[in-house]
Amino acid sequence: MKKNNERMLITGVSGLLGNNLAYYFKNKHEILGFYCSHPVSIAGIKTEKLDLLDKSSIKKVIQEFKPSIIIHCASLANVDQCENAPEITYKINVLSTKNIVEIIANKDITLVYISSDSVYDGVLGNFSETDNVNPLNCYGRTKYEGELEVLKEENCIILRTNFFGWNIQDKKSLGEWMLDELKAGRQIKGFKDAYFSSIYTFELAKVIDIAIQNQLSGVYNCGSADSCSKYEFSLKIADRFSFERTLIVPISIDDFPFKVKRGKNLSLNVSKLQKSLDYMLPTIDQSIDEFYKDYRCGLPKKIMQNRFETRKESSFLPYGRPKHR
Ligand SMILES: NC(=O)c1ccc[n+]([C@@H]2O[C@H](COP(=O)([O-])OP(=O)(O)OC[C@H]3O[C@@H](n4cnc5c(N)ncnc54)[C@H](OP(=O)(O)O)[C@@H]3O)[C@@H](O)[C@H]2O)c1
């Protein structure tokens, strides 16, 4: 069983998941977060600019900070951008992962690698970890190749997931986008034939926390316990936030002019993870409930306050423990 108050390194702390994880873990562990082009400063955690392609700098920081846990969230995660820039996508999604794995080889460090439901082709749905992977696009392929690098280390947890939460950057997760459209009274077109098992980032954080404590290792699907279409998802958001359902129109994903192929049914079977942790993952309704509660508590505003702050670079070195914890 892993204890509290360990040193945790989070890559991609300026991204959706990395940032939400930093919020979740900041009162539990001593955290250092890496950003690249979007500086963030979060009360109670150390953040530092670091390009993950710069292997010697990562090595130096890991040697100095001495984390016992690394959550690797950084990635090029925009499916269209990845397809248009396969070389840089390979470098960031695969080579940066390889760099981290090589640096931590034979050290007592738990690596959590955030993979994607996009490693599956979305034909049959309800995917288990034993099903063949068959990514349809460059993003999915590089996430899978990243997994193969991570599997070279024993002490690692690979989570194939899909999530929604609160962004610190201008881009929006699906849940945030739907909420903003509904608030503005704009019509939403929801895919009635694209299924997923999306989980709220703070629910995902709880699962990651328990997985680390239980010293889990290997490949796991990690989403909501059930699945729904993106159309149904938008209805659930509208219901929970008390917006009119009439703004939501069902369409087929085939009728949307995506340039890059995407899987239609990316629903995940999460039984392996539930059994391994003896933990029930939340349903999509439960995830949306938590998303709603955090919204009501003003969490999105608190998160946004931290972005792009003017800050002194590397003012935290060397990495002593904060005095007041
Ligand atoms: N969003 C989803 O629903 C979803 C679904 C399945 C899996 N995932 C996976 O979950 C993880 C997190 O996704 P997300 O949506 O939170 O991503 P995101 O919001 O797009 O954030 C990506 C992060 O990666 C960082 N980054 C990119 N290039 C970098 C580099 N060269 N060096 C250092 N950092 C770099 C970015 O830093 P800067 O912005 O500061 O440059 C940012 O913090 C990713 O691995 C993604 O593949 C996401």
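An oxygen atom of the ligand sits 2.9 Å from a polar backbone atom of L16. This counts as a polar contact, meaning a pair of N or O atoms within 3.5 Å (within protein, one must be able to donate a hydrogen and the other to accept it, and residues adjacent in sequence count only if both atoms are side-chain atoms). What you are looking at is a predicted model, where local features need pLDDT of at least 70, side-chain atom pairs count only at pLDDT 80 or more, and totals for chains, interfaces and linings use all residues. Residues are numbered from 1 along each chain as its sequence is written, and side-chain values use heavy atoms, with hydrogens and water left out.

Here are the backbone contacts to ligand oxygen atoms:

| Residue | Distance to a ligand oxygen |
|---|---|
| G15 | 3.0 Å |
| L16 | 2.9 Å |
| L17 | 2.8 Å |

Taken alone, the ligand exposes 900 Å², and the protein buries 89% of that; such areas come from the Shrake-Rupley method with a 1.4 Å probe, and for residues only the protein chains shown count as cover. Which element gives the largest share of the shell? That is β5, with three residues. In total, 27 residues surround the ligand, and the closest are S14, S37, H38, Y139 and K171; to be near, a residue must have a heavy atom within 4 Å of the molecule.

Now to the helices, which are DSSP runs of H or I with at least four residues, while strands are runs of E with at least two, numbered from the N terminus. The expected span is 1.5 Å times one less than the number of residues. Among the buried residues of α5 are Y139, G140 and K143. Buried means under 20% relative accessible area, exposed over 50%, and partly exposed in between (1.4 Å probe, protein chains only).

Helix α4 (residues 86–104) has 19 residues and reaches 26 Å between its first and last C-alpha, close to the 27 Å expected. Its buried residues include T89, N93 and V94. Just after α4, N106 takes a positive phi of about 65°.

Finally, T47 is found in strand β3 (residues 46–49). Why does T47 count as buried? Because its relative accessibility is 1%. A polar atom of the T47 side chain lies 2.6 Å from the backbone oxygen of V40.
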